[in-house]
Amino acid sequence: MEKIKQDAKKLTIDEMAVFCKRKGFVYPNSEIYGGIAGFYDFGHLGVELKNNIKKEWWKTFVHQRDDVVGIDGSIISNPLVWKASGHAAGFSDVLVDCRKCNSRFRADTLVEDTLKIPTAGMTIGGLNAEIKEHKIKCPKCSGSLGDAKKFNLMFTTHIGPIQSDASAAYLRPETAQLIFANFRLVQENARLKLPFGIAQIGKSFRNEISPRDFLFRMREFEQMEIEYFVHPEKQDECAYIEDVIDYELNVLSAEMQKKGQKMQKMPIKECLSKKIIKTRWHAYWLAIMHKWFVDLGASSGHFRIRQHVKDELSHYALDTWDLEYEFPFGWKELQGLSNRTDFDLKQHMEHSKTDLSIFDEETKKKILPHVICEPSQGVERAFLVFMFDAYNYDKSRDNVVLKLHPRLAPIKIGIFPLVSNKAELVKKAKSVYDELKAGWTCTFDTSGSIGRRYARADESGICASVTVDFESLEDESVTIRSRDTTEQIRVKIKDLKDVLRRFMEGEKLSKLGKSVE
């Protein structure tokens, strides 16, 4: 398979898919049978990167906070959950059929791709008008298109041995609703006091009309989500706002979109003073979600926050902002952050006849908390962000260098004997590998020249390579090579763990040992 020699700015989504398959990150599901659209499998490197992303998210937003706890809800629930939430009746996209070949397309993306115009908030009537006015045809056969109509995105299944309407259930289309259904139990058992959040990472399923753009729009995916609850009378009292008050974001408000203006870079302080972002809590969560990506190596300039225009808002949302990323196919939603008010808890109280309010010690009254912000993130979209930002083609090396942050890298360290035909050297290298693998994810490679092994390590995102050579047998020293700079130092094996730890934490390799020319 031919190497892709573009840098990340020029790399297409299809080329990224080819790279991911070639290196063992992501495979098309059941490819030997022709595959199935919207489903992907993660290979030996992809599963490690994906797990590292989830681990870092959970550590940052659950383990390192005093105000957030987690749950793990079931994929299938009582279907009344989805009736209460509104999904059973209204969780849909707009599709359009080809009258000639019967292909189906998502109407908004078809119009957006064909006319190169934004379709956020466009109604079914508006989409039909654009299709007819511009005589948009079927992309597959150039046939005429029928009228746009709604299509429910939930996958149905049946519980038990008898298939009937009574046994019908759904694969969950989002992770949020189990947080609301379990709200009272979690609040009481974890002894939570407002404000607090409940987090969840898990699978969701959406029967997308036209899955596309590799991992961006899938039918089976994972979400990382928080529902953050506040007192209804204290919605703007954010104790953490000073932590992010000077943090800068690229901002595109609903008003800017209405006026046709471009995004502007501004600090959180300005967003609040100009009432561009309505509440301190919303501003805080936007900032720290953006910061999470940047702290893990993504470039700040590749992100913006965009406010939903009025016609685009979900039925439950008072205000919604998307954290967007500049993908090769344009600015697209990476994460949605909605102010859901008390909509969901009210709905579940009404439909279940269960009191989900909590007792407020200060006022000695029962209150129904509001979700002031719901940071909802697709794991696979985060995966794409980190892959695109890490991808670099190095002309001098003539290979890709995947500069993933050490905390995300699927494999941290590669251990290589200089040559593979000397048993004593291989044995020494293997002993180093056995020592290091207890603390880091490592690989042991004896195949090919040392230069070729370095190149393979670069393309896999391996942070450091440790080479055991003939001198190692005499002086108990090894060579450490940096993935990002190719810089090499010589260190004693007894010091290797400490040097690697410090390197992974961000210290320069040249400060940690004797440079090797």
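1. Strand E9 (residues 196-205) and strand E10 (residues 220-230) pair in the antiparallel sense over 10 bridges, where two strands pair if DSSP finds at least two bridges between them, and Ile226 in E10 is the bridge partner of Ala199. Helices (H or I, at least four residues) and strands (E, at least two) are DSSP runs, numbered from the N terminus. This is a predicted model, in which local features need pLDDT of at least 70 and side-chain atom pairs count only at pLDDT 80 or more, while totals for chains, interfaces and linings use all residues. Residues are numbered from 1 along each chain as its sequence is written, and side-chain values use heavy atoms, with hydrogens and water left out.

2. E9 also pairs with strand E3 (residues 68-71), in the parallel sense and over four bridges, with Val68 standing opposite Gly197. Nine of the 10 residues of E9 are buried (under 20% relative accessible area, with a 1.4 Å probe and protein chains only; exposed is over 50%, partly exposed in between).

3. In helix H12 (residues 343-352), the buried residues include Phe343, Leu345 and His348, and also Asp344 and Gln347. Their cover includes E10 as well as helices H3 (80-85), H7 (176-181) and H8 (183-189). Just after H12, Lys353 takes a positive phi of about 60°.

4. The axes of helix H1 (residues 13-23) and helix H13 (residues 379-390) come within 12 Å and cross at roughly 90°. Ile13, Met16, Phe19 and Cys20 in H1 meet Leu384, Met387 and Phe388 in H13 (contact means heavy atoms within 4.5 Å).

Terms used. Axes fitted to C-alpha atoms, helices over the stretch in contact; angles between N-to-C directions.
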